[in-house]
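Here is a short briefing for a first look at this protein. Please keep the sequence and the model open as you read.

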Amino acid sequence: MSGFIQNISSGSIGFLIWCFLWGGGGILLVRSIFKVEKSEFLIIGLAAGIITESWIANILGRFLDPLLAFWLAACITFGCGILACLPLAKKKIPFKEMFPIVTWQWVMFFVLFYVFYMVARGMSIWDEFKTFPLVSMIASGDIPPHFPYDVSVVLDEHYLRYLIAAQFMRVGDLYPWTALAFLQSFTLSLSTVLVIIWVQRITKNLFAGFAGGVFHLLAGGTRWLLLLFPPSFINKIDSAIQRVGSGLNS
């Protein structure tokens, strides 16, 4: 069974199928269970899908081969979505009304994803000296993970993001640094669009929603803004800054 999973998961096609399973499952779950606006089903479902799939993978990964656990978690998420939507199938709702696509949401998501991926790719600004081995250990089946520099200690902290990156790494056959860059760009772009939708819903104003998205990007930390400046400028201000803690390593 694990050999079969290994074969179909190699390359980008397998990765896209895996993403379709948890993404589609999350969208179906949100469409059938939660009371949200029709324009919000797809983007919220995408977030719900990866969270649900990762929770299941976190449980299955303790007993099964990690690659099998990740694929099985995606299939379970999709299956739960199908079961939850069975009552809607009887209503014969047109596809466009069932899953309406809001163009600006997806354009913004993919534009932000590209920008953040190009920013994060190859840059050590998020404590990668610790997260690289952590992601690799989870991808190899160390769930829950142990502290990379002392394997006798179980890492009792939140590791959901690293679990998602480990799945990107294992299913997509990516390097750990590529998987982390993919994770950063995915979570930043998706969360920003979700904040815009949330603020818009509260204020009934799209401009306020975009303002909330900008605040979200800046309030969560601004280290990534340094990557937009030329190296000569960074070198000038670097000499005037005394770094401590993880800043010394990044």
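The points below go from the whole chain to single residues.

This is a predicted model. The protein has twelve helices and two strands. Buried residues account for 43% of its 250 residues.

**Overall layout**

- Along the sequence, the elements run α-α-α-α-α-α-α-α-β-β-α-α-α-α.
- Take the contacts between residues at least 6 apart in sequence: 68% of them join residues at least 24 apart.
- The accessible surface of the protein is about 13,900 Å². Carbon and sulfur atoms hold 69% of that surface.

**The largest nonpolar core**

- This core contains 49 residues.
- Trp18, Trp22, Phe70, Ile138 and Phe186 have the most contacts inside the core.
- Seen by element, two or more core residues come from each of α2 (11-33), α3 (41-60), α4 (66-84), α7 (103-120), α8 (128-139), α9 (160-171) and α10 (176-203).
- Beyond its neighbours up to four places away in sequence, Trp18 touches Glu53, Phe70, Trp71, Ala74, Gln167, Phe168 and Val171.

**Glu53, a buried residue in α3**

- Glu53 sits in helix α3. Is Glu53 buried or exposed? Glu53 counts as buried because its relative accessibility is 0%, and the cut-off for buried is under 20%.
- Setting aside neighbours within four places in sequence, Glu53 contacts Trp18, Trp22, Phe70, Ala73, Ala74, Thr77 and Gln167.
- With one of these partners, Gln167, the Glu53 side chain makes a polar contact, side chain to side chain, at 3.3 Å.
- Glu53 and Phe70 are 17 residues apart along the chain. Their C-alpha atoms are separated by 7.9 Å.

**Helix α11 and its two faces**

- Helix α11 covers residues 206-219, which is 14 residues. From first C-alpha to last, α11 reaches 20 Å, close to the 20 Å expected at 1.5 Å a residue.
- Which residues of α11 are buried? They are Gly209, Gly212, Gly213 and Leu217. These residues lie on the same side of α11 because they cover an arc of only 140 degrees around the axis.
- An α-helix has 3.6 residues a turn, so residues three or four places apart point the same way.
- Phe207, Phe215 and Ala219 are exposed, on the face of α11 turned away from its buried side.
- Asn205 caps the N-terminal end of α11. A side-chain oxygen of Asn205 lies 2.8 Å from the backbone nitrogen of Phe207.
- After α11 comes Gly221, with a positive phi near 125 degrees.

- Thr192 belongs to helix α10. Thr192 is buried because its relative accessible area is 2%, against a cut-off of under 20%.
- Leaving out neighbours within four places in sequence, Thr192 is in contact with Leu112, Gly213, His216 and Leu217. Gly213 and Leu217 are among the buried residues of α11.

**Backbone features in the loops**

- Most residues other than glycine have a negative phi, and most peptide bonds are trans.
- Where is there a cis peptide bond? The bond joins Ile143 and Pro144, with omega about -5 degrees. Pro144 is in the loop between α8 and β1 (146-147).
- Asp173 is not glycine, yet its phi is positive, near 55 degrees. Asp173 lies in the loop between α9 and α10. Asp173 counts as exposed because its relative accessibility is 61%, and exposed means over 50%.
- Lys204 is also a residue other than glycine with a positive phi, near 60 degrees. Lys204 is in the loop between α10 and α11. With 71% relative accessibility, Lys204 counts as exposed.

**Leu174, between α9 and α10**

- Leu174 lies in the loop between α9 and α10. Its relative accessibility is 25%, so Leu174 counts as partly exposed.
- Leu174 touches Phe168, Met169 and Ala179, not counting residues up to four places away in sequence.
- Leu174 and Ser12 are 162 residues apart in sequence. In space, their C-alpha atoms are 9.8 Å apart.

How values were computed
Residues numbered from 1 in each chain as written. Predicted model: local features only at pLDDT ≥ 70, side-chain atom pairs only at ≥ 80, totals over all residues. Heavy atoms only, no water. Helix = DSSP H or I, 4+ residues; strand = E, 2+ residues; numbered from the N terminus. Expected span 1.5 Å × (residues − 1). Buried < 20%, exposed > 50% of the residue type's maximum accessible area, 1.4 Å probe, protein only. Arc of directions from axis to C-beta. Polar contact = N/O pair within 3.5 Å; in protein donor to acceptor, adjacent residues only side chain to side chain. Core = buried A, V, L, I, M, F, W, Y, C linked by side-chain atoms within 4.5 Å. Contact = heavy atoms within 4.5 Å. Areas by Shrake-Rupley, 256 points an atom, 1.4 Å probe, with all protein chains shown as cover.
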